Structure formats: structure tokens, C-alpha cells
Amino acid sequence: MKPMTANLKILYQHKLLWMIHLSFISVSFAMALNHEIGANNSIVIGLMVMFFSYGSILGGTLSEIINKPFSFCLSDQVKENKKIILLIWLVLMGIFLFVFSRQLALNLKNNYLAFGLNTGIISFGYWIGIFFTTQRKLNIVPFFMPLIAIIFIFNNIGINIVDIIIATPVYQWIMLFICALLSFVIYLTSFNIGKLKRQRVEGIVKNKKVFISSVLPDAVSSPFLKLIKSNSNKKHTSHLWGQAYLMIGPLILVWKSALFNYFFWGCLILVPYSAGQGEFESIYLKIGVLILLSLCLGMAIPGKVFQSFLLFERKEYFQRRIIILLVNLIFLLCFISALNFISGLLWAGFDPVLWKLLIIPVIMLPFFSGIAVVANKLDSAGRVTLIVLGYVVMTGFSFWGCFVLATASILIDLVIIVSAIAVTWGFSFAVLYYDSIKKSLC
Amino acid sequence: MVNISPVVKAEGLIKKFNETVALDSVDLEINPGSIIGLLGPNGCGKSTLMRHMIGLYLPDKGSCTTYGCDAGKLTQKELSRIGYVHQEGELLGWMTVDQHIRYVGAFHSKWNTELENKYVKDSNLNRRSKVGTLSPGQRQKLSILLAIGHEPDFIILDEPASALDPVARARFLDLLMEIIQQEQKTILVSSHILSDVEKIIDHVIIMKDGKVVRNRSFDDLRDSYMRVKVTSLKDSLPEKLPFNGVLSCRQYNGQAVLILENPEVEKIKNQAESINSRIDFHPLPLEEIYTLAMEPGA
């Protein structure tokens, strides 16, 4: 058996690859048809995101499998991996061409255009997936890269240049610091738990250097401890201060990097992004960013039960989680407001993230916190289902947001917003309450 | 007669994790003032049982009450009476040892500073060290302090000495002895270091495959097994010895060493006389009793 055949034989024992290929066939048909059904720009963007994701999932997964030690017991066959990657890409393009050739009769010009654009996007995703995986970075890039692609389409050249300069370190930062939170909703978690754990460990080691060298000054810890102690007869207040201490303490300990990461990079990426966008379609993106931020902070809700010191009743544990939820929401609203304010100062004629859109975190953050708790208890299959559901909700909510902003009256706005708040907060409260009171805590 | 209500009462307690049965119809009572050794192989359900007692786990069937309160509904009143040392010792790594002690201490109305200072000194804990940088042994020492600093009535120790070196283990045992002698505390300790456990316990619960297979006072358990050395006063012993409840027997050069279950001392003496032999009784150490209890069909 030739090395290539041996490699492919082992490679295609992975069911995951078959699943990805099958999904690709359905995707390619949808792609071929998109110009025939009179797709507007939003749908094209949506499809582009999907194609890019497909390419990067395939590339990333492939790269993951063939880079695993002992997957291929073939020594001195380093070049084989490259050959396989190239071969699969060529086959992929072949299938694509075949699908398009079946559609040519409908609208020749548009199909060639779509073929060129979409194969480019898929190939781009494919090679990005391979590059980032072989660079040993957690492959959640696909989730963010479409944002960059879309920024290219809608922004002017100046903004694009700024974005290109800052995008790489920013997305690396995002990967390092929030991928653990995002991962439960993003598809790759279900595929590569091992890598995620490694990434966490690397993050911990990195943070440990800061933790070893710095000590929280007593001037910071003492007031909290006094407040906890002085309220010991009012347990709820005491726990509120205890929670505040647990949230603020670590942040102060790494205040330099926190300030740098959260605000400096955050502003750099989002200010140029939010500026200069006056088109209706850009609202979709702004909503996307707000949902993404809500997702990050919503996922941080579950909280931890420290078995080594039994301080909380279950009821208090539930209350503690609600406190975290509220604090995160306030933090996010302040962050977005600051961003709007800075955008206004820096960019002439800017169109900031609309103040009206601040309602999105209020609705989505509790929703994601509930989802995070549910996802924690699920197996891989359950998580995949949840991910699909999450995508549907996120996409639906984004389009709904556009629709409401464009068409609805203030009254309808109010009714919808109040209902959405009631539903998502109700959902979050119910899930957190059930999990805190009725379920095992560890 | 005074009716003493148990500290922990489990009735028909069943807990499953997916298809694995972690606890299988566990019934037990823990009375105040008793020092109990909870023994069993890895994965037999010891930690699961302990976590039910403090309300971290909820039963799938049956019930588990601590201080008369359903463990899942424990309030501050009951929790403040419990101290729990977990084998993995989850702590807040970003605090210093001192900050951590003060953080936990702040939540408790009665925190024994004297005990804290003594313990920190005896166990060489550096108050200024970051918790995240402590060795496993040091972390365990800190966990122990956090569990006993508020002077709980019921102390649950889940593998408390697993990461401690022999000297630290000896000190920890001394500390436990001190606690036991000072007041009437209830202590439940799970450990694989049985030579340590047997120095302090007065009651034994042995678990196997999620079930309680032995639940007796340590004295009773010890009396129920005996090593008997039979020495012939003539040249040799008969091939078949007349004793009941023989679990094992080794014969050599006119001597035999037997392990007997539920031995009746007077009867055995008479039987020894009948075969013209001298007899010596030796109690079994806990480790051997435990091994016997773990044998298939025991």
C-alpha cells in the first residue's frame, strides 16, 4: 500500500470528515442557487459566512487529525500530510465545479461570478483553518473571520487598513482570553475538547506568572473583608460583598493587562468598526457584535461551588449567580457606552452603535447564561443540537433586530422588547434556579 | 432514655451517574460524638456519599438528612456546624494564604483565631504565599484549616492526608486527636491510609460498589475477626482442625495460623485442648479486616 493510500485510509475512518463532506454537498447546492432565487445582500453575506466556516472547519479538522501523534504510524512521511491537504482541496474544488456545471443553464454570468467568489471564500477558510491549527492556535478563527470579511465589504479603505493592522493581534487575544467561554456554543468544542483543555492550561500558565509576582494589596482586600464581616447578620449583603470581592480582586491583580486587553484593544477594534457605517446592513453587524459580547459575558455566569469552604446555602448560590449576571450586564453596557462615546470623539460623521441597540445585551446576556448552564450538563450530541439552536436564535434575532429598527413603530418596539426581556430573563431565572436548587452542584 | 437524634441519616439513598450506580440503597446513621472511618476502594461511592451529607449532591431516590435537615436544603445554621475537607482542595489561587483565611473567616461569626495561629505555625504555612503557588500538601493543610477554623461540630474529611508527607500526616493526626479530646465532635474520615485511621476511629463503615457492606463499631468489627496461632504440644497437628469460621489457614512444622470469623474464644480454647495444642489470639489490624471485607463473596 502506498503511503498516500495508507494515510487516506486512516483519515477516512474518522466519521467527522464524512459528516463535513456530506454537509458540504448540501451547502454547495444552496450556494449555486443563491443568485437564482434573487438573494439580497444580507443572504449573500450569510452564505459567505457559512462557506467560510465550512472551509475552515474542514481545513482545521483535517489538519487536527493528521497532526495528532500516532494517528499515522508512518515515519519520514512528512510530505504526505501536505499532499493529502492539497489533494482534498483539489477534490473539494472538483465537486464544487461539478455542482455548478449542473446549474449553468439558469444564469450563466451570475453562476460564474458566484462560483469564483464562493470557491475563493471556501479555499480561504480551508487554508486559514489549516494554518491556524498547525500553528497550534485554537481554531475558533472561523467564527471571527467572517466579521473581518464583512467589514471589508462595507467599510472604506482607511478603516479597512486600520482593521487589517489590528485584526490579527486582536483575534489572537480573543482566542486566548475568551475562547474558553465561547467554546461551549461554538461547534469546535464538540470536536476538540482536548485542544481546548490544553489551551486553558497554557492560559493558566501564562496568567500564573502574573499571579505569582503580584499580591492584592491589603488596602484593597481589607475593606471587602470588613464589609463581609460587618454584615454577617445580614447574610445576603455579606454574600454580595463576598462576590464583589471575588470578581474585583483578580481583576485588580492583573489590572494592567485587564485595562490593556479589555479597553485598549477593545476600543481599537470596535471604534473603527462602528465608525463610518451608515448602511442598513451594518446594523446586522453591530447586532452581531453586541450578541457576541453578550455571549462572552453570559457564558461566565455558571460560577463555581468551592467545596473546600461551605459558605453558601443553595438559595444563596442562586442569588450569587444572579448578582454575577447583573454585574456583567452593567459592565457590558458601560463598555458599549464608552465605545460609543469614544467613537463620537474620534470619528467625524460617525454612526455609532445605536443607543437603542443597548437593549440587545439586556435581552441576550441572560439568555446565554441560561444556555451555558444547560450546555454544561449535556454530552457532545446535546451540545451540537444546542449550537444549532443557538445559531438559529442568534441569526433570527439579528434579522428581527434589523426589521424592528427599520419598520416598527415605537409601540411595537416597546411591546416586543418588553416581551423579549420577560422571556429571556424568565428563562435564565428558571434555568439558574432549577440548576442551583434542584440539581447536584458539582 | 434520652433520644439522641443522628447527625446524618440516610435511608434508601440511591445516586446514579448516567448508567453507573454510585450509591445503591445506602442506609446509615451517624450519631453525635462518633469518629467514623469510611473505607472502600476507589470509586465505591465514599465521596459521593459525603457530598450528599453536605448537600452538594441530591439523591435520585431515598433521602439524606444532616442535623435533621434535608441535605439539599441545608441553611447557614446547619452549614456553619459542618467542616468539609475535599480531597482536591479547591481554593482561590489568586489570594495569599492570609487573605484566604481571612476571607473564609469573615463569613463565620465564630472563627477560632487561636487555633488558626497555632495551626499555621505548626504546619509551616507561609501567610504571604500565594495559594496558587502552594504545593499539593500545603494546599491540603490550608483546606484543613478552612474546614476546622470555625469549630464545626461535624467534620467531614475526604482523603485529608493523601497529599501530606509522613511528618505532616503525624501532625494532622495529633491535631485530630486534640479536636476529638477537646469537645464532643463528630468526625467522618475517608482515607486509604488505614494505619492512620485506626488510631482515631471508633466506628467503621465499609463500602463496596456503592453499597455499605460493613457498618459496625470498630471494637465489634475487630472482635469479629481474629488471628489464631495454634501450636501443637506434641509433634504435629491434625490435618483437619476443629475450628469454625475459618477464613484462611496456614500450617507448618506443628503450627497453624488461622484467621477466624466471629470467633468464640472459650469454645476455641476447648477445641485446642481437645487436639492437645496451645493457642494464642491476635487481633487483626484494620488493613487486614478491610482486605477480608473486600474479598469476593465476603
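## Where the two chains meet: H10(A) and H3(B)

Let's start with a pair of helices from two chains: H10(A) and helix H3 (residues 97-107) of chain B pack at an angle of about 20 degrees, their axes 8 Å apart. Axes here are lines fitted to C-alpha atoms, for helices over the stretch in contact, and angles run from 0 to 180 degrees between N-to-C directions. Helices (H or I, at least four residues) and strands (E, at least two) are DSSP runs, numbered from the N terminus. The angle makes H10(A) roughly parallel to H3(B), a label for angles under 35 degrees, while those over 145 count as roughly antiparallel, 65 to 115 as roughly perpendicular and the rest as oblique.

A word on the model: it is predicted, so local features need pLDDT of at least 70 and side-chain atom pairs count only at pLDDT 80 or more, whereas totals for chains, interfaces and linings use all residues. Residues are numbered from 1 along each chain as its sequence is written, and chains are lettered from A and ligands numbered from 1 in the order in which they are written.

Which residues of H10(A) meet H3(B)? They are Ser221(A), Leu225(A), Ile228(A) and Lys229(A), and they meet Gln99(B), Arg102(B), Tyr103(B), Ala106(B) and Phe107(B). Two residues are in contact if their C-beta atoms, placed from the backbone, lie within 7 Å.

## H3(B) under cover

Of the 11 residues of H3(B), 10 are buried, so the helix is mostly covered. Buried means that 20 or more other C-beta atoms lie within 10 Å of a residue's own, exposed that 12 or fewer do, and partly exposed lies in between, with C-beta atoms placed from the backbone. Among the buried residues are His100(B), Arg102(B), Tyr103(B) and Phe107(B). The cover includes H10 and H11 of chain A, together with helix H4 (113-122) and H5 of chain B.

## The neighbour of H10 within chain A

Inside chain A, helix H10 (residues 218-230) packs with helix H11 (residues 235-253) at an angle of about 165 degrees, with axes 8 Å apart. That makes H10(A) roughly antiparallel to H11(A). Residues of H10(A) in this contact include Val220(A), Phe224(A) and Leu227(A), and those of H11(A) include Trp241(A), Tyr245(A) and Ile252(A). The contact divides into eight nonpolar, four polar and no charged residues.

## The sheet of chain B

Chain B has an open sheet of six strands in the order S6-S7-S8-S3-S9-S10, with mixed pairing. Strands pair if DSSP finds at least two bridges between them. Strand S6 (82-85) and strand S10 (211-217) of chain B stand at the edges, each with a single partner strand, so one side of each is left without a neighbour in the sheet. Neighbouring strands are turned by 15 degrees against each other on average, direction ignored.

Strand S9 (residues 203-208) of chain B runs antiparallel to S10(B), and six bridges join them. In S10(B), Val212(B) is the bridge partner of Met207(B). Two helices pack on the sheet: helix H5 (residues 136-148) of chain B touches S6 and strand S7 (154-158), and helix H10 (residues 286-294) of chain B touches strand S3 (35-39), S9 and S10.

Methods
Nonpolar A, V, L, I, M, F, W, Y, C, P; charged D, E, K, R; others polar.
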